[in-house]
Amino acid sequence: PICQFSLSLNIKKDQMGYDEAVELIEELLESIKTKGVKKTIGLLQTSKQKKVDITDAYDGFVGIVMHESQVVAPREFMDEDGVVHEYEEELAGEAMEGGPLMLAWSELQPDPALGAGPVYNVVIHEFAHVLDMANGAADGIPALPSAKATEAWIEVIDSEWAQFCQCVDAGEDTLIDPYGAESVEEFFAVASEAFFVEPLRMRQAHPALYALFADFYRQDPAER
């Protein structure tokens, strides 16, 4: 198996959806543990092309903590004057370097009220962060097979992110969640959501980024 990991489910047993949550996450864990995920998301290596096996990024994956609803987490930051500010943040999910992945069950089902707005899929988002952190702190640059590949990745994603931030700042509607303007690592995660959930629209709106992701994820979901 890739690693030894566990599931912690913080949902009341009489809560509607409890059994579905257990079944869903157990299937997810089993697929990762057995590397069946490689077949599912097209990551099998070929003899013609040597690439980093990105499922190795899950070697340090220790488990999933599933909460009933969003979690309020205490945060703090130090400003340029050295003053520490404390605040609270509501989380639908969080991937922690060296730790488990947290998900809110209430956020796994799409909200019909969102309509045709930006793509939203917290599971894809957080697992993209896991891939991003495979080679250190999240920075929007996952583990890639060579320095040349890394340079090409940075060139594309930095350019795409800069253009995306301009659109967000201008108040334009975007396929990719505007949250991606927070940082390039968040852009990688929300763009991964769009790549898998709305591949046709993603390919049309962001062809260079789509091609970059198709190479990294070893698949072309727009052609399914």
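What share of the 224 residues in the chain is buried? In this predicted model, buried residues account for 40% of them. The points below take up the overall make-up of the chain and then its local features.

1. Overall composition. The chain contains 7 helices and 6 strands. Followed along the sequence, these elements occur in the order β-α-α-β-β-β-β-β-α-α-α-α-α. Of the contacts between residues at least 6 apart in sequence, 58% link residues that are at least 24 apart. The chain has an accessible surface of about 12,600 Å², and carbon and sulfur atoms contribute 51% of that surface.

2. The β3–β4 hairpin. Strand β3, covering residues 71–78, is paired with strand β4, covering residues 84–91; the pairing is antiparallel and comprises 8 bridges. Within this pairing, V72 lies opposite E90 of β4. The two strands form a hairpin with 5 residues between them, and G82, located in the turn, has a positive phi of about 85°.

3. Packing of α4 against α5. The axes of α4 and α5 are 10 Å apart, and the two helices pack at an angle of about 90°. Because angles of 65 to 115 degrees count as roughly perpendicular, α4 is classed as roughly perpendicular to α5. On the α4 side the contact involves W153, I157, D158, E160, W161 and F164, which meet V184, F187 and F188 of α5. By class, this contact consists of 7 nonpolar and 2 charged residues, with no polar ones.

4. Packing of α5 against α7. Helix α5 (residues 184–197) and helix α7 (residues 207–217) have axes that come within 11 Å and cross at roughly 85°. These helices are therefore also described as roughly perpendicular to each other. From α5, the residues in contact are F187, F188, A191, S192, F195 and F196; from α7, they are L209, Y210, F213, A214, F216 and Y217. The contact has 11 nonpolar residues and 1 polar residue, and no charged residues.

5. V156 in α4. Residue V156 is situated in helix α4, which spans residues 147–169. Its relative accessible area is 22%, so V156 is partly exposed; the cut-off for a buried residue is under 20%. Which residues does V156 touch, when those up to four places away in sequence are not counted? They are A208, L209 and L212. The C-alpha atoms of V156 and L212 are separated by 7.7 Å, although the two residues are 56 residues apart along the chain.

6. Backbone at R218. As background, most residues other than glycine have a negative phi. R218 is found in the segment after α7. With a relative accessibility of 18%, R218 counts as buried.

Terms used: Residues are numbered from 1 along each chain as its sequence is written. This is a predicted model: local features need pLDDT of at least 70, side-chain atom pairs count only at pLDDT 80 or more; totals for chains, interfaces and linings use all residues. Side-chain values use heavy atoms; hydrogens and water are left out. Two strands pair if DSSP finds at least two bridges between them. Helices (H or I, at least four residues) and strands (E, at least two) are DSSP runs, numbered from the N terminus. Axes are lines fitted to C-alpha atoms, for helices over the stretch in contact, and angles run from 0 to 180 degrees between N-to-C directions. Angles under 35 degrees count as roughly parallel, over 145 as roughly antiparallel, 65 to 115 as roughly perpendicular and the rest as oblique. Contact means heavy atoms within 4.5 Å. Ala, Val, Leu, Ile, Met, Phe, Trp, Tyr, Cys and Pro count as nonpolar, Asp, Glu, Lys and Arg as charged, and the others, Gly among them, as polar. Buried means under 20% relative accessible area, exposed over 50%, partly exposed in between (1.4 Å probe, protein chains only). Accessible areas come from the Shrake-Rupley method with a 1.4 Å probe; for residues, only the protein chains shown count as cover.
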